[in-house]
Amino acid sequence: AVIYAMSDRGLIDLTQSILEYLPDELWRNLHIFKGTDYSDKIRVIDLINQTSGLADYEMDIKGDNSVINRLKKEDFILTEYEAIDLTKSLEAKFVPGEDKAHYSNVNAILLGLIAEGISGKPLVELYEEYISIPLGLENTELITKNNHIYAYLGNEKVNRTQYISSALACGGLVATVDDMMMFIKSFYNGKLFSKTHIEDIK
């Protein structure tokens, strides 16, 4: 929603390559597919549509060293930059922009970094400016140890607050049902951004 709204204000071109909005060290060698680096071919819209072809550091790393296996054992912070480095260690799934989709958390992380870089503001302020304040959301906030919902591993209730809150762009918020429904309705009815961005969503 934030990226679409920024696009409507002329702050970002969704068809541009991410190299226009991110420092070299973040996007270089991010997308290697069959030995070719397609990192500069990823457009902002590919991140939004999950058509970048980037691997998912949560689900595509297997074995004892996977993020999921570590989460089973402990709570930990995984920064945006660590998530990007993990993604760089993985083979991409397909050439960016192909008629395919593969979910990856790093798509949202990169969008968050792009929004912060363009605006010079932290993402939490952008959420307030573009979403919470316009919609009057009063019960949406950052996840903390006092307001999050516990996860379960089998019958064991576990706290993974640090991990959930460490990448704000792909999680990290908690809201009441009323606030969530207000956001969902506003997302689709054009209250937050032009409906032309999502007119092909059925």
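1. Ground rules. Residues are numbered from 1 along each chain as its sequence is written, and side-chain values use heavy atoms, with hydrogens and water left out. Because the model is predicted, local features need pLDDT of at least 70 and side-chain atom pairs count only at pLDDT 80 or more, while totals for chains, interfaces and linings use all residues.

2. The largest pocket. Its space is about 1,000 Å³. A pocket is an open set of points on a 1 Å grid over the protein atoms alone, with protein on both sides within 12 Å along at least five of seven lines. Grid points are joined across faces, edges and corners, and a volume is the space filled by probe spheres set on the points. Lining residues have an atom within 4 Å of a point. Here 35 residues line the pocket, and Ala1, Tyr127, Ala169, Phe183 and Phe187 lie nearest its centre.

3. What builds that lining. Two or more residues each come from helices H1 (2–8), H3 (44–49), H6 (105–119), H7 (123–135) and H9 (177–189), and from strand E6 (173–175). H9 gives the most, with five residues. Helices (H or I, at least four residues) and strands (E, at least two) are DSSP runs, numbered from the N terminus. By class, the lining has 26 nonpolar, seven polar and two charged residues. Ala, Val, Leu, Ile, Met, Phe, Trp, Tyr, Cys and Pro count as nonpolar, Asp, Glu, Lys and Arg as charged, and the others, Gly among them, as polar.

4. The second largest pocket. This one holds about 220 Å³. Of its 18 lining residues, Glu58, Leu71, Arg160, Tyr163 and Ile164 are closest to the centre. Helix H4 (67–73), strand E4 (151–153) and helix H8 (161–165) each supply at least two lining residues. Twelve of the lining residues are nonpolar, three polar and three charged.

5. The cavity. A cavity is a set of points where a 1.4 Å probe fits but cannot get out. The whole structure has one of 30 Å³ or more. Glu80, Ile109, Gly112, Leu113, Glu116, Leu123 and Ala169 line the largest cavity. H6 provides the largest share, four residues.

6. H5 against H6. The axes of H5 (residues 80–88) and H6, lines fitted to C-alpha atoms over the stretch in contact, come within 10 Å and cross at roughly 130 degrees. That makes H5 oblique to H6. In the contact (heavy atoms within 4.5 Å), Glu80, Tyr81, Ala83, Ile84 and Thr87 of H5 meet Val106, Ile109, Leu110 and Leu113 of H6. Seven of these residues are nonpolar, one polar and one charged.

Notes: Axes fitted to C-alpha atoms, helices over the stretch in contact; angles between N-to-C directions. Parallel < 35°, antiparallel > 145°, perpendicular 65-115°, else oblique.
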